[in-house]
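Reader: I have a two-chain model to go through. Can we do it piece by piece?
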Amino acid sequence: MIYYDKVTKIYPDGSTALDNVSFGVEPKEFVTIVGHSGAGKTTLMKMLIAEDHPTSGVVFFESANIHKMKKRDMTRYRRRIGMVFQDYRLIRNKTAYENIAFAMEAAGRTASEVAADVPHVLELVDLADKMWNFPHQLSGGERQRVAIARAIVNQPDIIVADEPTGNLDPENTFEIIRILQKINELGTTVFLTTHNKGVVDAVGGRVITMEKGKVVRDDKSGKYIL
Amino acid sequence: MFINLKRIIKTGFVNFWRNGFLSFSAIIVLTLCLVSFGAIMFADVFGHAMVDQVKDKIDITVYFNQGAAESDILALQQTVDKLPEVASTTYISSDEALANFQNKWQNNSLILQSIDEINENPFPAAMTIKAKEPSEYSSISDFLSSSAAMTASGTPLVDSVNYGENQVIIDRLGRLIPDVEGAGLGLAILLVIVAVIVTFNTIRLIIYTSRDEISVMRLVGASNTYVRGPFVVSGIMCGIISGLLTLLILAGLVFWSGALIAHIAGATVASDLSSVVSIFSAYFISNFGEIFTIIMSAGIILGAISSYLAVRRYLKV
């Protein structure tokens with residue numbers, strides 16, 4: 001489904017974030033990428049959502065080269081990915097409801113679909129009572145749940161979660177992981193990065209370990225080993 | 001397509017309202033910019049009116065020989081009227097000249113008595129000529145001293161033309177007026193450019209605060225149009241509100257300006273230059289449609305284009 005082929009990323013300041021990385025992800029997998037800060041986890045994610053381009057190598061989604069897509073195809077492709085970031089990246093001047101509705105409206109869903117689905121996903125992440133709060137009126141864990149709701153509302157093929165628990169306390173962390181696992185069980189591929197041992201152990205599943213821009217381990221059912 | 005448009009417009013309105021402070025500052029800057037547009041328009045009108053007043057004060061007077069027959073003079077007036085440089089001519093017979101003089105000095109018996117002493121009308125028949133442009137007086141003056149202004153028998157009709165006396169002033173004004181108009185235009189263009197740049201940069205800074213959100217919208221799968229649309233709608237709203245504010249401010253200034261000019265100029269001058277005193281209000285009322293269109297469209301276009309261009313920078317993701 002996703003295939004990284006000899007991807008190298010060297011930033012303009014000369015630092016190598018990814019060094020000849022190759023691996024594939026199958027549909028419905030729950031893949032956890034672990035590594036210290038600066039190991040290249042976030043860069044790996046940015047390649048997948050084409051927020052940044054590789055210096056060399058190719059990233060495929062199904063058979064398409066992500067970085068050769070036209071703007072229009074890119075927009076469509078991104079609607080098949082749900083993204084969750086460490087810093088939530090909600091839209092400040094929109095309420096929780098509107099943040100989620102925005103993703104649906106951007107995808108061209110009808111008003112009745114929006115009205116039906118948004119409360120449903122908010123319920124799924126247990127935020128039905130805070131629907132009309134603005135991001136600054138929500139706690140970190142709540143914001144991240146809104147971000148997850150936004151990511152899943154268009155029923156994407158993949159959820160990409162970059163350190164989604166990085167800013168959260170343990171209780172909220174496990175709440176988020178539980179939600180991601182539930183999404184995975186419903187058939188969505190989940191692509192998660194973390195440096196939190198507890199998270200890796202809780203997830204189980206495939207673990208890819210990165211160090212200094214290289215993939216050093218790839219375990220089918222791994223534990224956190226660094 | 002239609003539903004997208006509806007959503008874009010609605011989001012634009014909502015954002016405009018929720019970003020209250022930012023919208024407010026955009027409106028302030030845009031209004032200042034539009035007021036300066038308006039000020040330029042009015043300064044131009046005022047300048048033209050002043051120049052016209054000065055031009056209107058310039059004329060030359062032709063004094064005819066005492067013996068010249070009135071029929072010859074009237075024939076000459078007709079010829080002069082047909083000259084392309086001439087705006088208007090006024091014939092004053094010697095009787096009229098005397099009557100005007102007596103009228104003017106009616107409270108001064110000494111002067112009136114001295115006229116009576118002479119026992120004959122000392123005033124020659126005269127014709128005042130206004131040219132379309134101050135620079136054309138010399139050729140008119142040349143024409144009057146030429147053979148065209150002779151009787152059939154060859155005696156000259158014209159005794160003197162006072163062009164010579166006023167020549168220096170007339171020439172200088174003729175050269176000065178185009179210079180002043182040119183400088184005014186240059187200054188106006190400069191001011192417009194400055195105003196547009198300031199407005200554009202303000203809106204760019206406002207949208208800069210939303211740059212992260214713009215990239216999030218792209219990453220969530222919104223198309224460029226869908227991201228950009230609401231910003232442009234907000235820009236247009238700022239333009240409309242600023243335009244209306246500007247028209248209000250201009251109206252206030254215009255009607256206050258009459259009183260101000262009268263105050264500065266003093267009552268006597270003001271009554272003499274009544275057309276200048278009320279020039280702004282007269283212009284504002286008679287050209288309201290045009291002013292409305294210019295100010296409103298400038299506001300809307302400036303708001304929309306600034307927003308459109310400012311968002312473009314952050315859509316590259």
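Reader: How many bridges join β3(A) to strand β9 of chain A, and how do the two run?
Author: Four bridges join β3(A) to β9(A), residues 206-211, and the two strands run parallel. Within that pair, V34(A) stands opposite T209(A). Keep in mind that this is a predicted model.

Reader: What about β3(A) and β8(A), how do they pair?
Author: In the parallel sense, over five bridges. The bridge partner of T32(A) in β8(A) is L192(A).

Reader: Is β3(A) buried or exposed?
Author: Five of the five residues of β3(A), which covers residues 30-34, are buried, so the strand is largely enclosed by the rest of the structure.

Reader: Which residues are on which side?
Author: F30(A), T32(A) and V34(A) are on one side, and V31(A) and I33(A) are on the other. Both faces of the strand are covered.

Reader: What is the strand order in the sheet?
Author: The order is β6-β7-β8-β3-β9-β10 in chain A, an open sheet of six strands with mixed pairing. β6 (81-84) and β10 (214-219) are the edge strands, each pairing on one side only. From one strand to the next, the twist averages 15°.

Reader: Which helix packs on that sheet?
Author: α5(A) does, touching β6 and β7 of chain A. The direction of α5(A) makes about 170° with that of β6(A).

Reader: And how do β7(A) and β8(A) pair?
Author: β7(A) pairs with β8(A), residues 189-194, in the parallel sense over five bridges. I159(A) stands opposite V190(A) in β8(A).

Reader: Changing topic to backbone angles. Where does E62(A) sit, and what is its phi?
Author: E62(A) is in the loop between β4 (56-61) and β5 (64-65) of chain A. Its phi is near 50°, a positive value in a residue other than glycine.

Reader: Why does E62(A) count as exposed?
Author: E62(A) has 11 C-beta neighbours inside 10 Å, and a residue counts as exposed at 12 or fewer.

Reader: Zooming out, how many helices and strands does chain A have?
Author: Seven helices and ten strands. The radius of gyration of chain A is 17 Å, close to the 17 Å that the globule rule gives for 226 residues, so chain A is as compact as a globular protein of that length. Its C-alpha atoms fill a box of roughly 45 × 40 × 35 Å along the principal axes.

Reader: What percentage of chain A is buried?
Author: 44% of the 226 residues count as buried. Of the contacts in chain A with a separation of 6 or more, 66% are between residues 24 or more positions apart.

Reader: Now chain B. What is its secondary structure?
Author: Chain B has 13 helices and four strands.

Reader: Is it compact or spread out?
Author: Chain B is more spread out than a compact globule, because its radius of gyration is 31 Å, well over the 20 Å that the globule rule gives for 317 residues. The C-alpha trace spans about 100 × 45 × 35 Å along its principal axes. Buried residues make up 29% of the 317 residues.

Reader: Which domains is chain B divided into?
Author: Domain 1 is 2-55 + 176-315, and domain 2 is 58-172. The C-alpha centres of these two domains of chain B lie 51 Å apart.

Reader: How many residues of α5 in chain B are buried?
Author: The count is zero among its ten residues, 109-118, and the helix is hardly covered. Just after α5(B), N119(B) takes a positive phi of about 75°.

Reader: Last one. How many residues of each chain are in contact with the other?
Author: 15 residues of chain B are in contact with 17 residues of chain A. On the chain B side, α1 (2-18), α8 (211-219) and α9 (224-265) are the elements that give two or more residues. The largest share, four residues, comes from α8(B). The residues on that side of chain B divide into seven nonpolar, five polar and three charged.

Methods: Residues are numbered from 1 along each chain as its sequence is written. Chains are lettered from A and ligands numbered from 1 in the order in which they are written. This is a predicted model: local features need pLDDT of at least 70, side-chain atom pairs count only at pLDDT 80 or more; totals for chains, interfaces and linings use all residues. Two residues are in contact if their C-beta atoms, placed from the backbone, lie within 7 Å. Ala, Val, Leu, Ile, Met, Phe, Trp, Tyr, Cys and Pro count as nonpolar, Asp, Glu, Lys and Arg as charged, and the others, Gly among them, as polar. The radius of gyration is taken over C-alpha atoms; the globule rule is 2.2 Å times the number of residues to the power 0.38. A residue is buried if 20 or more other C-beta atoms lie within 10 Å of its own, exposed if 12 or fewer, and partly exposed in between; C-beta atoms are placed from the backbone. Domain bounds come from an automatic or database domain assignment. Two strands pair if DSSP finds at least two bridges between them. Axes are lines fitted to C-alpha atoms, for helices over the stretch in contact, and angles run from 0 to 180 degrees between N-to-C directions.
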